Amino acid sequence: MEKTVQDPVHGIIKLEEWMLRIIDTPQFQRLRRIKQLGFANLVYPGANHTRFEHSLGVMHITKILADRLGFDDEIVASALLHDIGHAPFSHSSERILEKYLNFRHENVKKVIRGELKDVLNDLGFNISRISDYISGRKPSIINGDIDTDRMDYLVRDSHYTGVAYGVFDIYRLIDKIKFDGEIVIDQRGLKAAESLLISRFLMYPTVYYHHVCRIAKKMYEKAMKIAIESGFDAKKLLEIDDCEAMMILKSFKDSAEIAEMIRNRRLFKRAIYVSRHRVDLREVLRVNEERAEREIAEDAHIDEKYVLVDIQPIEEVREVSAKVEIEGRILRLDEASPLVKALKNANLENWRLGVYTKPEYVKRVGKVAMDYFGIEKITIQKSLDEVLPSST
């Protein structure tokens, strides 16, 4: 028996009976209660979409490609399950999982259990192969330099946030893809691929790395660390949803205050928030955030839980390595497109170092943090370099 659902991004999505059996398991239904963008709804009120509809969208795109390229249902099932390992508030829990469980959400084999495992076995799917597709250990159309996951989340996140930057010609791109051990884009799909890269470049600073999203994420991380070190079992993060996570934070005295601040959008403020040009980037990337928080809090004479250091990772722009066939030659996307090459080089300009604290501590923490990261010295030296004549 086939059913259909109406999706705001892709229109009608058809669900076959075997898909419904997976979707109807408690493990998959949990994704209805995990927000796709974590705390982005504190900035964009419409960003309340979940991992559930994103998973349906990725499955839908993958099914279109699978039918055209001759893949079987196992790759479609992998697409449907690609986010089954997400903990509450999606990527906001990723560093917690790594720290306490040595786990990343792509390692789905550890979370495929109970009714979901029974259904997959009954349907004849190989769980190890599904896990390999999702993690990228086995090349596929759902995890690569350009893949069906990216194709869905950029347009979906754009739709729900109301930010138009994520819009690109997704179905043109789908139509111009072939698979030869990896995704290869026909040269007629080059403009659609460039459009995807532009969307990604604009969506990261505007949505994913918006400073309010970063502050709320860091506050949640701090509160969850406190809860875990106060007795909460981190393994349960793989079983609970957003609401349950907030209830857990409120059940511990030291994490409850931060949880309540997030709940009421009484967020920490930026004591410093600077680009790579105001710091020694290599030195900053070596800094241990937790140690920095302790030392800045000690020098500022405030409780450590009120200092958050946010050293953004240098995001790898995997998409630039995607392959394009141009006049019979296979090239990297950044070799085939000067625009993509320029975007790759410009990506580092979006990097920021942030230190956040309660509003009443902003000046005190800012002064200590400036000294801790040598920001004033770096700025003065760069200013001198600009005005003093070169010795050569």
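Begin by selecting Leu197, Arg200, Phe201, Val317, Leu343, Lys344 and Asn347, the residues that line the second largest cavity. A cavity here is a set of points, on a 1 Å grid over the protein atoms alone, where a 1.4 Å probe fits but cannot get out, and lining residues have an atom within 4 Å of a point. The model is a predicted one, in which local features need pLDDT of at least 70 and side-chain atom pairs count only at pLDDT 80 or more, while totals for chains, interfaces and linings use all residues. Residues are numbered from 1 along each chain as its sequence is written, and side-chain values use heavy atoms, with hydrogens and water left out.

**The second largest cavity**

This cavity holds about 40 Å³ of space, where a volume is the space filled by probe spheres set on the grid points, joined across faces, edges and corners. Colour helix 10 (190-208) and helix 17 (338-346) next, since each supplies at least two residues of this lining; helices are DSSP runs (H or I, at least four residues) numbered from the N terminus. Helix 10 gives the most, with three residues. By class, the lining has four nonpolar, one polar and two charged residues. In this scheme Ala, Val, Leu, Ile, Met, Phe, Trp, Tyr, Cys and Pro count as nonpolar, Asp, Glu, Lys and Arg as charged, and the others, Gly among them, as polar.

A search of the whole structure finds two cavities of 30 Å³ or more.

**A nonpolar patch on the surface**

Switch to a surface view and select Tyr165, Ile198, Leu202 and Leu339, which form a nonpolar patch with about 310 Å² of accessible area together. Such a patch is made of residues with over 30% relative accessible area and no salt bridge, with nonpolar side chains (Val, Leu, Ile, Met, Phe, Trp, Tyr) joined within 5 Å. The areas come from the Shrake-Rupley method with a 1.4 Å probe, and for residues only the protein chains shown count as cover. Leu339 lies in helix 17 and is partly exposed, with a relative accessible area of 37%. Buried means under 20%, exposed over 50%, and partly exposed in between (1.4 Å probe, protein chains only).

**Salt bridges**

Now show the charged side chains. A salt bridge is a side-chain nitrogen of Lys or Arg within 4 Å of a carboxyl oxygen of Asp or Glu, and by this rule the count comes to 40.

- Select Asp122 and Arg21, whose closest N and O atoms are 2.8 Å apart. Asp122 lies in helix 6 (residues 114-123) and Arg21 in helix 1 (residues 17-23), so this pair ties together parts that are 101 residues apart in sequence. Asp122 is exposed at 54%, whereas Arg21 is partly exposed at 34%.
- Select Asp175 and Lys176, a salt bridge with closest N and O atoms 3.4 Å apart. Asp175 is partly exposed at 44% relative accessibility, and Lys176 is buried at 12%.
- Select Asp186 and Arg188, where the closest N and O atoms are 2.9 Å apart. Asp186 is partly exposed at 23%, and Arg188 is exposed at 54%.

Finish with Arg95, Lys217, Lys218, Glu221 and Glu289, which are linked in a network of salt bridges.

Methods. 1 Å grid on protein atoms, 1.4 Å probe; cavity = no way out; pocket = protein on both sides within 12 Å on 5 of 7 lines; lining within 4 Å. Patch = residues over 30% accessible without salt bridge, like charges linked within 9 Å, V, L, I, M, F, W, Y side chains within 5 Å.
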